[in-house]
Amino acid sequence: MKRGIKGKWRYLTVILSVALLAGGIPWSVQRASAAGMDMRYLTVDGIQHDDERETLIRCPEEKAGMVDIPSGITTIGQAAFRYCGNMTGVSIPKSVVKIEREAFAFCGGLTGIHIPFPKDSSYTLIIGEGAFQGCGNLRYAALPKEFGLE
């Protein structure tokens, strides 16, 4: 059951209060408006998620090294990691069921991806068109047995 906006903001207020007491806020809440749509998103370690933390929206191009996508993310958005040339590897949690178009396109430094295999035999991963286009150094990909291309 999803909480209403009022419940989310109470939760956010508590988190912000605790973060301020601890001496810092590792993430920010922002609002974006595009084409008449109102969307809230979180930024955690520079990576943007929707406010439900289910869709990874964008990773900054400067992100370097190994990137661990947080558990609970179900969708890696269109072009979310595009041009992240300094990223060398990515670990995708088993909660991810869809990698949208061009999600990792032109990540020239990407050498490996790892997706843990869930024990549930019904797990299917959907990979969008051009998801790894231009990743010329990609040498290792551990993928589930069942995956579809979109």
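Is Cys107 buried or exposed? I get a relative accessible area of 0%, so Cys107 is buried. My cut-offs for that word: buried is under 20% relative accessible area, exposed is over 50%, and partly exposed is in between, with a 1.4 Å probe and protein chains only.

Before going on, a note on what I am looking at. This is a predicted model, in which local features need pLDDT of at least 70 and side-chain atom pairs count only at pLDDT 80 or more, while totals for chains, interfaces and linings use all residues. Residues are numbered from 1 along each chain as its sequence is written, and side-chain values use heavy atoms, with hydrogens and water left out.

**Cysteines**

I looked for disulfides next. A disulfide is a covalent bond between the sulfur atoms of two cysteines. The rule I used takes a pair of cysteine sulfur atoms within 2.5 Å, and by it I count 0 disulfides. How far is the sulfur of Cys59 from the closest cysteine sulfur? I find 4.1 Å, to Cys84, which is too far for a bond. Cys59 is buried as well, at a relative accessible area of 0%. Cys107 is in no disulfide either: its nearest cysteine sulfur belongs to Cys135 and is 5.0 Å away.

**The parallel sheet**

I turned to the strands. Helices (H or I, at least four residues) and strands (E, at least two) are DSSP runs, numbered from the N terminus. I call two strands paired if DSSP finds at least two bridges between them. On that basis 4 strands make an open sheet, in the order E5-E7-E9-E11, with parallel pairing. Which strands stand at the edges? They are E5 (65–68) and E11 (140–142); each has a single partner strand, so one side of each lacks a neighbour in the sheet. The twist averages 15° from one strand to the next, using axes fitted as lines to C-alpha atoms (for helices over the stretch in contact) and angles from 0 to 180 degrees between N-to-C directions.

I checked one pairing by itself. E5 and E7 run parallel over 4 bridges, and Gly65 stands opposite Met87 in E7. Ser91 also belongs to strand E7. At 19% relative accessibility I have to log Ser91 as buried. Which residues touch Ser91, leaving aside neighbours within four places in sequence? I list Met66, Val67, Asp68, Ile69 and His114, taking contact as heavy atoms within 4.5 Å.

**The hairpin**

E3 and E4 pair in the antiparallel sense over 2 bridges. Gln48 has Arg58 in E4 as its bridge partner. The hairpin has 4 residues between the strands, and Arg53 takes a positive phi near 60° there. I placed Arg53 in the loop between strand E3 (47–50) and strand E4 (55–58). Arg53 is partly exposed, at 35% relative accessible area.

**Rings**

Tyr83 is partly exposed, with a relative accessible area of 46%.

How many aromatic pairs does the structure hold? I count 3. Rings of Phe, Tyr and Trp (its six-membered ring) pair if their centres lie within 6.5 Å; planes under 30 degrees apart are stacked, over 60 edge-to-face, and the rest tilted. Tyr83 and Phe106 have ring centres 5.4 Å apart and planes at 15°, so I wrote the pair down as stacked. That pair links distant parts of the chain, 23 residues apart: Tyr83 sits in the loop between E6 and E7, and Phe106 in the loop between strand E8 (98–99) and strand E9 (112–114). Phe106 is partly exposed, at 33%.

Phe104 and Phe132 are stacked too, 5.2 Å centre to centre with 0° between the planes. Here 28 residues separate the partners: Phe104 is in the loop between E8 and E9, and Phe132 in the loop between strand E10 (125–127) and E11. Phe104 is buried, with a relative accessible area of 0%. I also noted that Phe81, Phe104 and Phe132 form one aromatic cluster.

**One more loop residue**

Glu102 is placed in the loop between E8 and E9. Is Glu102 buried or exposed? Glu102 is buried, with a relative accessible area of 17%. Leaving aside neighbours within four places in sequence, I see Glu102 in contact with Ala79, Arg82, Glu129, Gly130, Ala131 and Gln133.
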